[in-house]
Every structure is written in structure tokens, then in C-alpha cells.
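Me: I would like to learn how to read salt bridges in a protein model. Could you walk me through a case?

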Amino acid sequence: QVQLVESGGGLVQAGDSLRLSCAASGRTFSSYNMGWFRQAPGKEREFVAAISRTGRSTFYADSVKGRFTISRDNAKNTVFLQMNSLKREDTAVYYCAADQTSVTMREPSSWGQGTQVTVSS
């Protein structure tokens, strides 16, 4: 398994941008599909975005499509989530996840500790 550490969260205003990073330990990062999930207060954790091992395929939740972009740098063992045009409803704890078998993140085997994103109006 890989160990995942997120960073980049914070407090921003609606309409602002934020870039999250997730650094992975280990030498097998490129063998994992990577993704981002989020959990808002009182709600279940939900899928946000995913990227295939090579980075050629990406997937997004409808709620973030066109505003968020997932990318990865396999040389640096890092996956990113660029979040633009942030809305109050994007407020949540954002989690990085790794899944060796499913590019749509059906059963992630590793999770990060989460990073808080708060969007104020």
C-alpha cells in the first residue's frame, strides 16, 4: 500500500481557486489509479475526481465537472486537484485515495488523512 498525505486546503472566498496536493510514499505510485473524495459535515463521503495510472483518463463528479481538474506527476509521486470557481457547497474535508484495480475508485486501498477546504460567500 501507499501512504498518502494531502496538503493545500484552506479558507477561501466563493469564486476563488485552490490547489490540493497529495504526496504518496513508496516506489509503486504509478501502479495506482488515484482519486479525490470529499465529505461535508453531516453528509456521506462522495467521489470528486479520479485519474488513471498513466494520467490519460480522468473522471469527475457532475458537481465539479468544468471547475476541477485532476492531474498527476508520477516522477514526483504526487496527485493534484485544481479547484476553480469554488462554491460554498464545495466546503468539505477532501481525501486522497489510491486504488490499484479500479480507475473509478470502487475500492480504494489507501486513504489520506484529509485536508479541510472551506469556502465562504
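Reply: Happy to! A salt bridge here is a side-chain nitrogen of Lys or Arg within 4 Å of a carboxyl oxygen of Asp or Glu. Keep in mind that this is a predicted model. A handy case is Asp-62, which pairs with Lys-65 with the closest N and O atoms 3.1 Å apart.

Me: Are Asp-62 and Lys-65 buried or exposed?

Reply: Asp-62 and Lys-65 are both exposed.

Me: How many salt bridges does the rule give?

Reply: The count is four salt bridges. One of them joins Arg-38 to Glu-46, with 2.6 Å between the closest N and O atoms.

Me: How should I read the accessibility of Arg-38 and Glu-46?

Reply: The idea is to compare relative accessible area with the cut-offs: under 20% is buried, over 50% is exposed, and in between is partly exposed. Arg-38 has 5% relative accessibility, so Arg-38 counts as buried. Glu-46 has a relative accessible area of 36%, so Glu-46 is partly exposed.

Me: Which residue forms a salt bridge with Arg-67?

Reply: That is Asp-90, and the closest N and O atoms of the pair are 2.7 Å apart. Arg-67 and Asp-90 are both buried.

Me: Which residues are joined into one network?

Reply: Through salt bridges that share partners, Arg-38, Glu-46, Arg-67 and Asp-90 form one network.

Conventions
Residues numbered from 1 in each chain as written. Predicted model: local features only at pLDDT ≥ 70, side-chain atom pairs only at ≥ 80, totals over all residues. Heavy atoms only, no water. Buried < 20%, exposed > 50% of the residue type's maximum accessible area, 1.4 Å probe, protein only.
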